Amino acid sequence: MTETGLHILENPIEPFLRMDRMPHIWCAGCGIGTTVNCFARSLLDCGLPLDKVAIVSGIGCSGRVAGYVNLDSFHTTHGRAIPFATGLKLANPSLNVVVYSGDGDLTAIGGNHLIHAARRNVDIKVICVNNLIYAMTGGQSGPTTPLTATTSTSPYGAYEPSFNLPQLADAAGAVYVARWTTFHVRQLTRSMGEIFRKKGFCFIEVLSPCPTLYERRNKLGEGLDTMRYYKLKSKIHNGISTSETALGMRDEIVVGKFVDRDRQDYRDLLRKQMMSQLGPEYVEAPTCVCD
Amino acid sequence: MKSLQPADPSGVLTGVHFLDGDYACCEGALAAGARFAAGYPITPSTEVVERFASRIPKIGGTFIQMEDELAASITILGAAWGGAKVFTVTSGPGFSLMMEHIGYAFMTETPCVFVDVQRGGPSTGLPTLPAQGDMMQARWGSHGDYEVIALCPNSPQECFDLTIRAFNLAEQFRTPVMFMMDECVGHMTEKVVIPPADQIEIFPRRWTSLPPSEYKPFEPGEDLVPDMAPSGEGYRFHMTGLTHDERGYPAMNPESQDRLIKRLQAKIRNAADQLTMVEEEGTSDADVIVVSYGITSRVAQRAIEMARAKGLRVGKLRLIAAWPFPSAKVRALAAHTKAFVVPELNLGQMVGEVERAAAGVARVVSVPHAGGTVHRPEVILEAIEGAAK
């Protein structure tokens, strides 16, 4: 109870955040905070011990997520969150390792690491916030920028074809692939919870507005207008082939859980092969090498 | 300060062996407690990780071959934060790709060892032939101001011994250590004696003794080095390659930059006495001192003996640690010698450091070589004779 008689309620996700780092750097209307809210709720709901959850980010607006959540958190170099996470997970398999980063970071400069981690089926969870541009550096085009979109480095419109990220992750071997938008907070929260119960390489793409740099340059209005677009033009197609999930300029958005399958993960495959060749001579790597 | 501990015997191949430098380096890493390596194939260094891949499943640890050197060089850093002692191995072109993460390891104070078995460069250069052309890259290759520790073995035995030292220094100072081999040392096969595990001293990970409520991940101790917290144990720490404060939080201002970068520099510079490692012989009355390192030091040895047979007074200064450069040592020697002769398998890299330390008090003569083979001893002899006049 304050002097004014108002009850100040604590946001239920506050314990999940580093409140001493607030305010955050994200713009009004940006969707990254919405994804963090979903992430927090999914973690609190699924009951994982938070001490055993580690988050790894690359560079960019979404790369700042690691700094705001109250977990063991690693802010790495541009594009390299996935290989850092690979080392962290393999050296300490008791950790649940989440990579939280942006589309430019994960799919352009880090694209090679993305496909190889999916191929290996390393047991890490990748959340890719896709705002269709490089936002931190001022709104340049990237591999996810839709054809014809105006950005600071495509002032006359983008003409390079863009990646269909679910198809990329699917083809490379991810065991779980979903796409949602920041409008789909319940579905996104559920998906984020599902990947913590799934062993292997999981990939969730989240479309998110960047009103400051993408919407403004393309005369698409405010963040709220993009939320309206997400609401009106998204179609949920769970299980649809990822060849059907390409994105275009303000076209229909196919969202849903597209892939949910089981494959032996990296450590299972390693153990199986070593046991077959070395038998009792094989010594499995210790779970944590702490003295 | 943590005290040294005996090595874990599971990684120590005690005995007398006939090994090449690459294999000896791998055995040194295993003896030092390295239980995680990531690599990408590149001549002439691959044998180090080939042996590691063969040995580690019987010891308990991880080798992972990554998609490129960018990945290998940060996968090890993730593993270091996961609790493992880590290293990666490469040669020139891969070393170029790893520069980003040498800087990141320095900034985040991640203990790790980078092994560079040097070959002829630049670019693809001479994949199977020796050079020492990465010495300045090891020192300055990543962007920004930083300090490195770099060791230069000149024999398979030293590849074993100094790899252990490299790991111990990486842990003590929480910093990347460069292990600067060359193709000759890497592929030369000689006797290597591996002592019993209880005679090998290991610097353990600097785990904090503080509880999470009192712990700050980048609050340094008296030696300016902070202790680490284990991941997954409730410390909930943050680390970043951004300029940061003691909490590990980004701190984007000149004051934080000044405080952090100067501390990271000082933690190594202040320990220069401990880190300087040279082999010195016959320098007290020498007219000429030959300064060399790695394989070139063994060719220089022959030239020194030839010069002495001709009656010249020649001393030897071998850089076992190239970085930090032993400036004080060279400055002291400059006061009572005529000249330094500096043969290297490059067109003049460490010679610049010798010149800087000699500061005009003694002459400095470079004996350059573009790489691909070693110097002929006669060429170094000629330089010694010229310098002695």
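First, the ground rules. The model is predicted, so local features need pLDDT of at least 70, side-chain atom pairs count only at pLDDT 80 or more, and totals for chains, interfaces and linings use all residues. Residues are numbered from 1 along each chain as its sequence is written, with chains lettered from A and ligands numbered from 1 in the order in which they are written.

I start with the sheet. It is open, has nine strands with mixed pairing, and its order is E7(A)-E8(A)-E5(A)-E6(A)-E4(A)-E3(A)-E1(A)-E2(A)-E12(B). Strands here are DSSP runs of E with at least two residues, helices are runs of H or I with at least four, and both are numbered from the N terminus. Two strands pair if DSSP finds at least two bridges between them. At the edges stand E7 (234–236) of chain A and E12 (238–240) of chain B; each has a single partner strand, so one side of each is left without a neighbour in the sheet. On average, neighbouring strands are turned by 20° against each other, direction ignored. Axes are lines fitted to C-alpha atoms, for helices over the stretch in contact, and angles run from 0 to 180 degrees between N-to-C directions.

Within the sheet, E5 (residues 176–181) and E6 (residues 202–207) of chain A run parallel and are joined by six bridges. Val177(A) has Phe203(A) as its bridge partner in E6(A). Helix H1 (residues 32–46) of chain A packs on the sheet, touching E1 (53–57), E4 (124–130) and E6 of chain A, with its direction at about 155° to that of E4(A). Helix H7 (residues 185–196) of chain A lies across E3 (96–102), E4, E5, E6 and E8 (253–260) of chain A, at about 160° to E5(A).

Now, where do the chains meet? E2(A) and E12(B) pair in the parallel sense over three bridges, and His75(A) stands opposite Thr240(B) in E12(B). Overall, 40 residues of chain A are in contact with 46 residues of chain B, contact being C-beta atoms, placed from the backbone, within 7 Å. On the chain A side, H3(A) gives the most, with eight residues. By class, that side has 19 nonpolar, 13 polar and eight charged residues. Ala, Val, Leu, Ile, Met, Phe, Trp, Tyr, Cys and Pro count as nonpolar, Asp, Glu, Lys and Arg as charged, and the others, Gly among them, as polar.

Next, chain B. It is divided into domain 1 (5–202) and domain 2 (279–388), with bounds from an automatic or database domain assignment. Their C-alpha centres lie 27 Å apart. 22 residues of domain 1 are in contact with 21 residues of domain 2. H5(B) supplies the largest share of the domain 1 side, four residues.

Last, the core. The largest nonpolar core has 206 residues, and those touching the most other members are Val56(A), Ala150(B), Val290(B), Ala322(B), Val341(B) and Ile384(B). Both domains of chain B give residues to this core, so it lies between them. Such a core is a set of buried Ala, Val, Leu, Ile, Met, Phe, Trp, Tyr and Cys residues joined through C-beta atoms within 7 Å; buried means 20 or more other C-beta atoms within 10 Å of a residue's own, with C-beta atoms placed from the backbone. Beyond four places in sequence, Ala150(B) is in contact with Ala138(B), Met178(B), Met180(B), Ala321(B), Ala322(B) and Trp323(B).

Terms used: Buried ≥ 20, exposed ≤ 12 C-beta atoms within 10 Å, placed from the backbone. Contact = placed C-beta atoms within 7 Å.
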